[in-house]
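Please study the sequence and the model before reading each solution.

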Amino acid sequence: MTEVIIYIPEGIEDVGYKTRDSVGYDICSIETVKIPPKTCKLIDTGVIVKLNRKDIFPAVFVRSSLPIKKNLIMLNSVGIIDLDYCGKEDSIKLNLYNIGEKEAIIKKGERMGQIVFLKFEKPEIKKVSNIKIFNKNSRGGFGSTD
């Protein structure tokens, strides 16, 4: 059985894995977009991913060259795509922020992100209302090891 089904919009090249040993599946913008300095824009790839496994998920990362070549970073660093985000209107989008001083342009069909399929486990979670059980091993909180 096919483990992953990927929809690529008509008119957009399926760049996919650029080499035999690539880990990231490259994805492109479906339109030309201008991003002014110090602003963010949601860039649509048109790509929809459906998984036939429940132990992997698609994670979306910005291409490593994007900050250097275009001064663009992804605001949340990584996009976690839930397994049920696979309907007709559930295309993958990247929230890009222009850290530069000049307008950045993403051209239609330009590679800007990568999908990496990661394994995960969904543990059983026990919720408690007594915080005292956590005090025993406290290191002092965020920033305490500076």
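**Exercise 1. Overall fold**

How many helices and strands does the protein chain have?

*Solution.* The model is a predicted one, in which local features need pLDDT of at least 70 and side-chain atom pairs count only at pLDDT 80 or more, while totals for chains, interfaces and linings use all residues. Residues are numbered from 1 along each chain as its sequence is written, and side-chain values use heavy atoms, with hydrogens and water left out.

Step 1. The protein chain has two helices and 11 strands; helices (H or I, at least four residues) and strands (E, at least two) are DSSP runs, numbered from the N terminus.

Step 2. Along the sequence, the order of these elements is β-β-β-β-β-β-α-β-β-β-β-β-α.

Step 3. The radius of gyration, taken over C-alpha atoms, is 19 Å.

Step 4. The C-alpha trace spans about 55 × 50 × 30 Å along its principal axes.

**Exercise 2. Aromatic pairs**

Identify the aromatic pairs and state how each is arranged.

*Solution.* Step 1. Two aromatic pairs are found in the whole structure. Rings of Phe, Tyr and Trp (its six-membered ring) pair if their centres lie within 6.5 Å; planes under 30 degrees apart count as stacked, over 60 as edge-to-face and the rest as tilted.

Step 1. Tyr-17 and Tyr-25 are edge-to-face, with 5.1 Å centre to centre and 85 degrees between the planes. Tyr-17 is partly exposed because its relative accessibility is 42%, whereas Tyr-25, at 10%, is buried (buried means under 20% relative accessible area, exposed over 50%, partly exposed in between, with a 1.4 Å probe and protein chains only).

Step 2. Phe-57 and Phe-120 are also edge-to-face, at 5.7 Å centre to centre and 75 degrees between the planes. Phe-57 lies in strand E6 and Phe-120 in the loop between strand E11 and helix H2, so this pair ties together parts that are 63 residues apart in sequence.

Step 3. Phe-57 counts as buried at 14% relative accessibility, and Phe-120 as partly exposed at 28%.

**Exercise 3. Burial and contacts**

What percentage of the 146 residues is buried?

*Solution.* Step 1. Buried residues make up 32% of the protein chain.

Step 1. Among contacts (heavy atoms within 4.5 Å) between residues at least 6 apart in sequence, 73% join residues at least 24 apart.

Conventions
The radius of gyration is taken over C-alpha atoms; the globule rule is 2.2 Å times the number of residues to the power 0.38.
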